[in-house]
Amino acid sequence: MTTTLPIPIAFELPDGWRAAPPDGAGAPGAAFVALHPRPDAGFTANITVDGGFRPDPATLAEIADESVENLRGSGASVEIAERREVGSKDAPGLTQTLAVSAVAGGTLRDLVQSQVYLSLLDIDDPGKRAVIRLVLTVTASQHGSVVEDFREFVRTVRPDTGTAQ
């Protein structure tokens, strides 16, 4: 079942990417899915967006660790290739790149996940924290040619205030 984000966001898809229903794309917990126009060896690179309120004191690194453990719990082999904090004190973020070996479409695949975590505080109630996760999943062989599209996508993500940008 498709989920909704705790706060509305706006973004622009890179050229050629197309939105797909999360349930139909095999990402039922996502709020949004976009698919790359050219599959690689039967696997279609995808961007997913999900998130939720996090009233607990978990750091973004701890939340990222939860994602790693969830992937491992699905039977995937996962290694953290890179992780770094980004943003500022008022708008913290974290990026991590994961090397994943998992069965997808009935085939064992070497995948790369680039994950970005954005923490957004309610201006009126800083105790209300939303964490948005943006994820690119792509074959290892296609990663180099697709990762810049993901970076371009991430640069466009912003809270949707309902006013045109």
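Biologist: Are Phe150 and Phe153 buried or exposed?
Modeller: Buried means under 20% relative accessible area and exposed over 50%, with partly exposed in between (1.4 Å probe, protein chains only). Both Phe150 and Phe153 are buried. This is a predicted model, where local features need pLDDT of at least 70, side-chain atom pairs count only at pLDDT 80 or more, and totals for chains, interfaces and linings use all residues. Residues are numbered from 1 along each chain as its sequence is written, and side-chain values use heavy atoms, with hydrogens and water left out.

Biologist: How many aromatic pairs are there?
Modeller: Rings of Phe, Tyr and Trp (its six-membered ring) pair if their centres lie within 6.5 Å; planes under 30 degrees apart are stacked, over 60 edge-to-face, and the rest tilted. The count by this rule is three aromatic pairs. One of them, Phe150 with Phe153, is stacked, at 6.3 Å centre to centre and 25° between the planes. Ring pairs join Phe11, Phe32, Phe150 and Phe153 in a cluster.

Biologist: Which side chains of strand S3 lie on each side?
Modeller: In a regular strand, side chains alternate between the two faces of the sheet. Strands (E, at least two residues) are DSSP runs, numbered from the N terminus. In S3 (residues 32-35), Phe32 and Ala34 are on one side, Val33 and Leu35 on the other, and all are buried.

Biologist: Which strand pairs with S3 over three bridges?
Modeller: Two strands pair if DSSP finds at least two bridges between them. Strand S2 (residues 18-20) pairs with S3 in the antiparallel sense over three bridges, and Arg18 stands opposite Leu35. S3 also pairs with S4 (residues 46-53), antiparallel over four bridges; Thr48 is the bridge partner of Val33.
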